[in-house]
Amino acid sequence: MEPSRPLRPRTPPSERASPGSTDEITAVVSSEDWHFAPLVIVILGASGDLAAKKTYPSLFSLYTSGLLPKQFKIIGYARSPKTILAFRGHVGKYLSNDNDKLRFLQNCEYINGQSYGDEDAFRTVNEAIQNFSPVANKLFYFAIPASTFAVSAKTIKNTVSGEGWLRIILEKPFGHDLESCRKLTESLAESYNEESLYRIDHYLGKEMVQNLMTLRFSNLYFSRLWDTQSIAAVLLTFKEPFGTDGRGGYFDKYGIIRDIIQNHLMQVLCLIAMEPPVKLDGSSSDQIRTNKVNVLKAIEAIKFEDIILGQYEGYRDDPTVPDDSTTSTFCALKLHVNTPRWEGVPFILKAGKALDERKAEIRIQFKDAPGASFMFDSPCPRNELVIRLQPREAIYIKTNVKTPGFSSQPVQSELEVDYNTRFGASDSKTNPDAYTRLILEVLRGRSAGFVRKDELEEAWRIFTPLLHRIERENVMPQIYPQGTRGPEHDVKVEEWGYLRNSEYVYYNGSVVPKSKI
């Protein structure tokens, strides 16, 4: 008989070493060749909100974690006339107030020009780069309107010199439809090849999105269930409890489909539906993106009868929104991935503003348990794998268990991994911001988390006919009250194949109402 061993005390989450945390990745990155070379990062649109609230804080996070080279300089470029001190004060408001802040800001410069095609101003930028180091690697971050991408890329090509690699990060939107997307990619290709361009979709940097392939391919029970034999439906949801909040003029040009569904949710869909790559590391970047493209190629253009459109009450009260606007702030739609793995499985994508909560999640709903409808007196709910992207990342399986007490009827509960309690994921060192992750990937030359041009074109192919018809026919969306689940859509979604268990109450740490047990 094997001797008993003393129980080991459980280490609190805050004291555990986190695999893949900043401390661990710093050791890996610091041994890579690029980390020993000087680096210049040029941020176009440096005076805007995106740069101040996302780009600079992400670079600051990399700096404080030792993930930038020892020799680095950040040059902000924009049209606003600012002194370097004023610019540093503006950026500094969004950085944590510690001893590293001043040292970081000393490496930040600012240059303004007349436009994003101002060759004289860009020559000044190049002089600053050469004065710092003629052999520096160069990263240009385009936090500017897509209409200026091509002229900026051409101007950089004409004015920036020196050794070292040159890479460009491009912010969305990448076009307005298929035709405009193709024009944009063709104009960028005149200046730089595809290997130099990194189109950023910050959803691909989220912890739970990056976790999808590990979850799928390292767990036998999921890999065996991940197909049409076991899965009834896939539901992708994005919800915000607020409206356009000052972005009405911008949002009205795009709408919820272009703003969220065609890019963020479709990228997540591709990772759910793609075939496995041979390897999950930096060498597999092109294979992963090719597998994602194959998913998109298997999707037909969305049919008009497979959508639900909504607009929240008060949307047109925004002074920047036309009084007769028919732009949708809510959309639910269905599509199919026509491959042997996914034959007949509906993928339902739902996104909306001014809804009842903030949430982004993936729901994999499995088919009915065989014989359960005969075994129990009441319906047996379907199992679901739920992956919550935000807020408070978690993975849980909606599992049927016996109702407590004398009853033998099934009730749904959770088998759950909460990332905050299990891994201390609220700590930025354990769970870095999506932009921080993605900028580091560019510096390392890893492109798997970025969107390739053929991905863009295939995604636009799927949505362009639908978008053009909505605009051509001036389709009026259903009006829904703010703070609700949106326009009535449960019946339609059930027809599409997803069954919502309205009796289920997610246990978030508070007492579950007895009426729901």
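Student: How many residues of strand E11 (residues 359-366) are buried?

Tutor: This is a predicted model. In it, eight of the eight residues of E11 are buried, and the strand is mostly covered.

Student: Which residues lie on one side of E11 and which on the other?

Tutor: Lys359, Glu361, Arg363 and Gln365 are on one side, while Ala360, Ile362, Ile364 and Phe366 are on the other. Both faces are covered, and all of these residues are buried.

Student: What does E11 pair with, in which sense, and over how many bridges?

Tutor: Strand E7 (residues 231-239) pairs with E11 in the antiparallel sense over eight bridges. Strand E12 (residues 384-390) also runs antiparallel to E11 and is joined to it by six bridges. As for individual partners, Leu236 is bridged to Ile362 in E11, and Ile364 has Leu385 in E12 as its bridge partner.

Student: Turning to the open sheet of six strands, what is its order?

Tutor: The order is E3-E2-E1-E4-E5-E6, and the pairing is parallel. Strand E3 (108-112) and E6 are the edge strands, each pairing on one side only. On average, neighbouring strands of this sheet are turned by 20° against each other, direction ignored.

Student: How many bridges are there between E2 and E3?

Tutor: Strand E2 (residues 72-78) and E3 pair over five bridges in the parallel sense.

Student: Now the largest nonpolar core: which residues have the most contacts inside it?

Tutor: They are Tyr56, Phe104, Leu269, Ile272, Trp342 and Phe347, in a core of 145 residues. Helix H11 (residues 248-273) gives the most to this core, with 13 residues.

Student: What does Tyr56 touch?

Tutor: Leaving aside residues up to four places away in sequence, its contacts include Ile74, Ile75, Phe87, Leu95 and Phe104.

Student: Finally, helix H7: which of its residues are buried, and what covers them?

Tutor: Leu178, Cys181, Leu184, Thr185, Ser187 and Leu188 are buried. Their cover includes helix H6 (149-159), strand E5 (166-171), strand E6 (197-200) and helix H16 (453-472). H7 (residues 178-189) has 12 residues and reaches 16 Å from its first C-alpha to its last, close to the 16 Å expected.

Student: Why does Ser187 count as buried?

Tutor: Ser187 counts as buried because its relative accessible area is 19%, and the cut-off is under 20%. Its side chain reaches the backbone oxygen of Leu184 at 2.8 Å.

Notes:
Residues are numbered from 1 along each chain as its sequence is written. This is a predicted model: local features need pLDDT of at least 70, side-chain atom pairs count only at pLDDT 80 or more; totals for chains, interfaces and linings use all residues. Side-chain values use heavy atoms; hydrogens and water are left out. Helices (H or I, at least four residues) and strands (E, at least two) are DSSP runs, numbered from the N terminus. The expected span of a helix is 1.5 Å times one less than its number of residues. Buried means under 20% relative accessible area, exposed over 50%, partly exposed in between (1.4 Å probe, protein chains only). Contact means heavy atoms within 4.5 Å. Two strands pair if DSSP finds at least two bridges between them. Axes are lines fitted to C-alpha atoms, for helices over the stretch in contact, and angles run from 0 to 180 degrees between N-to-C directions. A nonpolar core is a set of buried Ala, Val, Leu, Ile, Met, Phe, Trp, Tyr and Cys residues joined through side-chain atoms within 4.5 Å. A polar contact is a pair of N or O atoms within 3.5 Å; within protein, one must be able to donate a hydrogen and the other to accept it, and residues adjacent in sequence count only if both atoms are side-chain atoms.
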